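The overall dimensions come after that.

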Amino acid sequence: MTNTSRKITEGELAEKIGAENLALVLDNVYCAECGQTVMVEYEDDIVVEPSGDTILHGKCKRCGNKVARLLETGEEK
Ligand SMILES: [Zn+2]
């Protein structure tokens with residue numbers, strides 16, 4: 001069992017969840033300042049956790065605050 005998280009590229013993530021889903025996710029991010037917002041500059045910090053879930057770290061398009069979004073990619077359905 002591995003305990004390490006690893007980074008993947010935006011392309012790998014798009015393949016994993018589908019480009020349309022990725023676009024939906026990026027448009028539905030919560031910012032503490034703005035509420036619902038759009039995530040930008042996430043491309044360099046896409047992390048897959050040991051559980052299989054993916055976490056995106058980016059910035060709020062409106063105010064530039066750091067935002068993160070968990071994707072439950074660990075559970076295949
Ligand atoms: Zn914001």
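In which sense do strand β4 and strand β6 pair, and over how many bridges? I worked from a predicted model. I found β4 (residues 39–40) antiparallel to β6 (residues 54–60), with two bridges between them. In this pairing I noted V40 opposite K59 of β6.

Next I checked β5. Strand β5 (residues 46–48) runs antiparallel to β6 and is joined to β6 by three bridges. Here V48 faces T54 of β6. β5 and β6 make a hairpin with five residues between the strands, and G52 has a positive phi near 100 degrees there.

Then I followed β6 into β7. Strand β7 (residues 66–71) pairs with β6 over six bridges, again in the antiparallel sense. I listed L71 in β7 as the bridge partner of T54.

The order along the sequence is β-α-α-β-β-β-β-β-β. The radius of gyration is 12 Å, close to the 11 Å that the globule rule gives for 77 residues, so the protein chain is as compact as a globular protein of that length.

I noted the span of the C-alpha trace along its principal axes as about 40 × 25 × 20 Å. Of the 77 residues, 16% count as buried. Among contacts with a separation of 6 or more, 43% come from residues 24 or more positions apart.

Key
Residues numbered from 1 in each chain as written. Predicted model: local features only at pLDDT ≥ 70, side-chain atom pairs only at ≥ 80, totals over all residues. Pairing = 2+ DSSP bridges. Helix = DSSP H or I, 4+ residues; strand = E, 2+ residues; numbered from the N terminus. Rg over C-alpha atoms; globule rule 2.2 N^0.38 Å. Buried ≥ 20, exposed ≤ 12 C-beta atoms within 10 Å, placed from the backbone. Contact = placed C-beta atoms within 7 Å.
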